Amino acid sequence: MTIPVFEPWNDPEAKPLIQFQNVTKRFGEFTAIDDLTLGIYEREFFALLGPSGCGKTTMMRMLAGFETPTDGKIYLSGQDIAPVPPNKRLVNMMFQSYALFPHLSIWDNIAFGLKRENKPKHDIEERVQEMLRLTRLEKFARRKPHQISGGQRQRVALARSLAKAPKLLLLDEPLGALDKKLRQDTQFELMDIQEKTGTTFVIVTHDQEEAMTVASRVAVMDNGKLVQVATPDRIYENPNSVYVADFIGDVNIIEGTAKPTGPDQYDITWKEGAEPLNVKSQNSFSDGQTCHLAIRPEKVTISADKPADADNAVQGRVLDIAYLGNISTYHVELPTGAVIKAQTANTRRIARRAFTWEDPVWLSWTATAGVLLAE
Amino acid sequence: MNRLSWFNTVSLTLGFAFLYIPMVILIIFSFNESKLVTVWGGFSAKWYGELLQNESFLQAAWVTLKVAVLSSTLATVLGTMAAYVLVRGGRFLGRTLFSGMIYAPLVMPEVITGLSLLLLFIGIGLDRGVMTIVLAHTTFAMCYVSVVVSSRLITFDRSLEEAALDLGCSQAEAFRLVTLPIIAPAVISGWLLAFTLSLDDLVIASFTAGPSATTLPIKIFSAVRLGVSPEINALSTIMIGIVTVGVVTASLVTKRQMVRQRRDEQNAERS
Ligand SMILES: Nc1ncnc2c1ncn2[C@@H]1O[C@H](COP(=O)(O)OP(=O)(O)OP(=O)(O)O)[C@@H](O)[C@H]1O
Ligand SMILES: [Mg+2]
């Protein structure tokens, strides 16, 4: 039996649920969203990642109907949504500021959207109860928003937006205030809900681990532009720019000039006098072109002696050690002054660690360990 | 608590004496046994009793109350609507002009407001009576309401309305179910303010009242011209009481509720 892969973005036949077409949004002189084109498919779990102020909330507000694009069009199921008012869109949004109704109890907050649909009372009660159970808020149903904690408020906001089971759910940092355990549980709940109901999720997060866990695709934004849109593993292993590599996870960036030595083979001159680095790259570079080699710390091996058959090996001395429990990150200073991070799993107890401060060590990595990027 | 310096104590005493001695004297003399206003003849509440027998005063009090309730209610509805449009309407043509114009009656001399209303009523052939006083009071109380309500709306978190729209409310439902309950304290204190203003207005009422309807302030004013009687002192004391209760309630409602509501609202946001 084969599990069909869920990759509608690779299917030329598939029609996206949401289509941004050259959308630009300006606030006065300031451009918040800059000529953005993007398709999000049904049943996707789409994560928006980017630094503060890059336009994530603005994108969501345009989908929910609180902002209109200055230029361009947004289609939902193939229909231009510009003339549809927010209350007629099959879209629910969880606000970054929560926007809970202060005069209503938690129960009434969650029931608010359901009551607008004139559903039978019994159904509403059942649904609210279900949402309370899901977000573990049963005990607080009768309280007002100001009588519960920040994390509980965040869960109320989440429950309220989930209650109507919309076609498209926009979550603006839905889990930021939750502790790690509850956050992971809620992430799995969200994925579960998505699987059961087929809702399409667009989620803003500052937590890249969260994006990696839940998302079918991740979009990295910068200054109102999409820098890269790809599956989590591609974003991590194959970032298209130093910006993305640096934004997602930890990375070593080595700048140098490329010299082709064979098909997809390059020598990177990176420091006067140092041996050139040996790199295999899908991206092609011309002779003498400036390039950046991005290597994740976990792909750099640290050893006491020079490894015999490594593609690349450099010597340095341990500058700093960051102990993170399951792993340790070694900051190794090279004779050139550059600092390279190497990560190893802590399979032994800390007292029996192989290296300590000031130890001379060798760092090595394979030719395919890093990605060669132009900028 | 800091102790006041003697200078501050004196200034405070003088200031309050200046403000309140006349009223205190009036209240004391309303309990005077003697018919002579300036001679103390012992304590008695008999003038309050006599007041209750006085048909024309009771008639005027009834008119005043009716006018105050009607006009403050109308003013609250209109003033709240105006405030909502001015704060929330976004930038529409002539918005600055409108917001300037809504506050103009605050600084307009009452005589002018009264006179212009009188001319209008005569012009359109409206018989002067309760109706015209109500209209006149609505006109000038409305801007006070709109000032109070709009200062509340300015600090109102707009995303609450957006959340209501997002959950399927129409604009009107969002206002009724979310905005109004939250700004209710401001609306109530606006109403109380309008009520108090209407209750003690003399100038505008005397322009717009007719022979068929006289308000208490007008009645008192014309009675005093024939000489101050202890009965009027009693009546004035009652009015002071009502106005004080109104004003104090209004400010308490505003203070307490608004502080609480704003705290709730801030708490409901993420910190
Ligand atoms: N109504 C507005 N008027 C003017 N500028 C605005 C308005 N709304 C947003 N902006 C600007 O647009 C940019 C994008 O804002 P947005 O809220 O989308 O950021 P964000 O990516 O959600 O950031 P964060 O991660 O901090 O929430 C910001 O620089 C912001 O200052
Ligand atoms: Mg945001």
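In what order do the elements of chain B run from the N terminus on? In this predicted model, the elements of chain B run α-α-α-α-α-α-α-α-α-α-α from the N terminus. The legends below begin with chain B and then turn to chain A and ligand 1.

**Figure 1. Secondary structure and extent of chain B.** Chain B holds 11 helices and zero strands. The C-alpha trace of chain B spans about 70 × 60 × 30 Å along its principal axes.

**Figure 2. Residues of chain B annotated in UniProt as "transmembrane region".** An unreviewed UniProt entry places this feature at residues 12-31, 60-86, 98-124, 130-154, 174-194 and 232-253 of chain B. Two of these spans are described here. Residues 60-86 of chain B are 100% helix and 0% strand, and the C-alpha atoms at the ends of this span are 37 Å apart. Residues 232-253 of chain B are likewise 100% helix and 0% strand, with end C-alpha atoms that lie 31 Å apart.

**Figure 3. The span of chain B annotated as "domain: ABC transmembrane type-1".** This annotation, taken from an unreviewed UniProt entry, covers residues 61-253 of chain B. Over residues 61-253, chain B is 82% helix and 0% strand. The end C-alpha atoms of the span are 26 Å apart.

**Figure 4. Contact between the two assigned domains of chain B.** The domain assignment gives domain 1 as residues 54-227 and domain 2 as residues 230-271 of chain B. A distance of 17 Å separates the C-alpha centres of domain 1 and domain 2 of chain B. To the contact, domain 1 of chain B gives 21 residues and domain 2 of chain B gives 19 residues.

**Figure 5. Contact between the two domains of chain A.** Chain A is divided into domain 1, residues 8-246, and domain 2, residues 250-373. The C-alpha centres of these two domains of chain A lie 38 Å apart. In the contact, 10 residues of domain 1 of chain A meet nine residues of domain 2 of chain A.

**Figure 6. The residues of chain A around ligand 1.** The shell around ligand 1 includes A:Phe27, A:Phe30, A:Ala32, A:Gln96 and A:His206. Also among the residues around ligand 1 are A:Ser52, A:Gly53, A:Cys54, A:Gly55, A:Lys56, A:Thr57 and A:Thr58. By residue class, the shell around ligand 1 divides into four nonpolar, seven polar and one charged.

**Figure 7. Polar contacts of ligand 1 and the elements that surround it.** A:Gly55 places a backbone N or O atom 3.0 Å from an oxygen atom of ligand 1. For A:Thr57, a polar side-chain atom lies 2.5 Å from an oxygen atom of the ligand. The side chain of A:His206 has an N or O atom 3.2 Å from an oxygen atom of ligand 1. Ligand 1 taken alone exposes 640 Å², of which the protein buries 63%. Strand S2 (30-40) and helix H1 (56-64) of chain A are the elements that give two or more residues to the shell around ligand 1. Helix H1 of chain A gives the most, with three residues.

Note on methods. Residues are numbered from 1 along each chain as its sequence is written. Chains are lettered from A and ligands numbered from 1 in the order in which they are written. This is a predicted model: local features need pLDDT of at least 70, side-chain atom pairs count only at pLDDT 80 or more; totals for chains, interfaces and linings use all residues. Side-chain values use heavy atoms; hydrogens and water are left out. A residue is near a molecule or strand if one of its heavy atoms lies within 4 Å of it. A polar contact is a pair of N or O atoms within 3.5 Å; within protein, one must be able to donate a hydrogen and the other to accept it, and residues adjacent in sequence count only if both atoms are side-chain atoms. Accessible areas come from the Shrake-Rupley method with a 1.4 Å probe; for residues, only the protein chains shown count as cover. Helices (H or I, at least four residues) and strands (E, at least two) are DSSP runs, numbered from the N terminus. Ala, Val, Leu, Ile, Met, Phe, Trp, Tyr, Cys and Pro count as nonpolar, Asp, Glu, Lys and Arg as charged, and the others, Gly among them, as polar. UniProt positions are given in the numbering used here, feature names are shortened, and annotations may be inferred rather than shown by experiment. Domain bounds come from an automatic or database domain assignment. Contact means heavy atoms within 4.5 Å.
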